Amino acid sequence: MSRGISLSLLVIVLFSLFGCSTVRDGGGPVPSFDVMQDLKALETEFSSAVAIKNVYEGGATIEKRDKMIAGRLVMMNLRYLQFIKSLNAERQFIDSASDVAILSLNIAGTALTPASTRTALSAISATLAGSKSAIDKHYYYEKTMPALIAAMNAQRKQVLLSILQGMGKPLEIYSVEQAITDLDSYYYAGTLFGAINAIQVTASAQEKNATEEIEGITRARISRLLSSQARTQNKKIGDAIEGLTDITKDLPKTQTLLSDLGLNGLSFKDLQAAKKQLRAILRERGHDETKIQDLFTIFKNNHLVN
Amino acid sequence: MSMYYIDISGQFSIDQITQALQDEENLFSEFKDSTVITADDLSVLNHARFAECDTRPIKPIIVLLEGSTAPAGTSRFWNGTMVIGGTSRTVAAFR
């Protein structure tokens with residue numbers, strides 16, 4: 001890596017640390033350098049690693065894919081930091097985004113060669129980490145902006161998680177195409193549209209949960225007195241469920257039982273989860289004499305009651 | 001711990017209410033408390049709240065009128081109003 005490019009990298013970091021804080025404080029000097037040009041220089045440095053055609057040239061490999069991911073993550077993270085600072089973000093959000101940027105710089109430091117690039121990236125990483133304390137927290141911002149930036153940060157971390165989990169894995173498991181799709185999702189997560197979409201999705205899910213909870217409270221089941229036979233059957237079924245304690249012996253039995261009850265028994269890999277499902281079934285069917293009889297028969301066919 | 005509700009008829013006797021609560025607790029649940037509600041058809045119900053549990057209660061629940069002597073080996077864990085045989089009464093639950 002040339003000295004010029006190293007200097008450019010440093011300038012970007014310095015801007016991200018000090019330039020923005022003064023701008024945000026309203027009235028600091030205009031940076032005496034062109035940030036966009038510096039980012040361009042950085043893109044040139046990473047261009048061969050991040051170019052998709054280079055990943056496929058001569059056959060895709062794990063190393064080439066991971067270099068592409070690492071390079072793109074660094075570029076996206078630096079640009080994202082620049083973007084949220086332009087939104088007058090609060091310090092805590094910048095800190096959170098900085099942490100992710102530092103992480104990606106460290107990953108790039110591992111994935112990219114030559115050594116000079118690694119050294120330069122590590123230097124940026126160290127500077128960025130130290131810079132957070134230098135950011136002044138007194139700036140103006142729109143009241144909605146913190147929520148949107150928080151949503152962007154959260155979404156970006158979620159997507160980043162699947163990218164990091166994919167890196168290092170064989171191409172058959174984490175393909176180059178999947179990596180590119182995830183990187184696109186990572187970019188989208190760091191946009192205001194992505195943040196609004198995430199908030200809408202979260203709000204919808206919360207509303208659905210609350211609605212179900214309200215329905216559960218308001219729509220109570222009417223209790224009917226059971227016959228002594230149904231009561232005894234319920235008790236025997238309960239005893240059988242409590243008796244399932246040996247994971248080696250009882251898990252396969254429970255899986256078969258759940259399949260007989262119309263569920264995908266094999267999807268229950270854990271005996272406790274399987275028992276939880278059986279308890280829920282008993283709670284659901286244990287008020288109706290006919291359903292209790294049917295449930296008892298299934299338990300009996302599986303040699304769990306007599 | 002998930003909660004759910006069971007509505008018990010306000011026409012039940014106190015023994016029938018105890019039986020209904022015991023039947024419910026046999027389904028891996030634990031009675032928590034109860035309030036009186038009026039259904040859409042204007043019938044009065046005991047709106048009993050239960051918690052879903054991993055095990056069934058070791059001792060069965062017993063509901064008695066407030067002021068009754070606690071059955072041997074039990075202690076009172078809840079008291080409140082229930083409608084019994086169509087009449088509002090103060091009761092206590094023992095276990």
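**Exercise 1. Work out how β4(B) and β6(B) pair, then build up the sheet around them.**

Solution. Start with the pair: β4(B) and strand β6 (residues 87-94) of chain B run antiparallel, joined over four bridges. Keep in mind that this is a predicted model. For a landmark, find B:L65, which sits opposite B:V91 in β6(B).

The open sheet has the order β4-β6-β5 (chain B), with antiparallel pairing. Its edge strands are β4 (62-65) and β5 (76-84) of chain B, each pairing on one side only. From one strand to the next, the twist averages 35°.

Finally, look for what packs on the sheet. Helix α1 (residues 14-25) of chain B does, touching β4 and β5 of chain B, and its direction makes about 155° with that of β4(B).

**Exercise 2. Check the span of helix α10 of chain A, then find which residues are buried and which are exposed.**

Solution. Take the span first. α10(A) has 15 residues (228-242), so at 1.5 Å a residue they should span 21 Å; the end C-alpha atoms are 21 Å apart, which agrees.

Now list the buried residues of α10(A): A:A230, A:Q233, A:N234, A:I237, A:G238, A:A240 and A:I241. They cover an arc of only 160° around the axis, so they lie on the same side of α10(A). Over on the other side, A:S228, A:Q229 and A:D239 are exposed.

Methods. Residues are numbered from 1 along each chain as its sequence is written. Chains are lettered from A and ligands numbered from 1 in the order in which they are written. This is a predicted model: local features need pLDDT of at least 70, side-chain atom pairs count only at pLDDT 80 or more; totals for chains, interfaces and linings use all residues. Helices (H or I, at least four residues) and strands (E, at least two) are DSSP runs, numbered from the N terminus. The expected span of a helix is 1.5 Å times one less than its number of residues. A residue is buried if 20 or more other C-beta atoms lie within 10 Å of its own, exposed if 12 or fewer, and partly exposed in between; C-beta atoms are placed from the backbone. The arc is that of the directions from the helix axis to the C-beta atoms. Two strands pair if DSSP finds at least two bridges between them. Axes are lines fitted to C-alpha atoms, for helices over the stretch in contact, and angles run from 0 to 180 degrees between N-to-C directions. Two residues are in contact if their C-beta atoms, placed from the backbone, lie within 7 Å.
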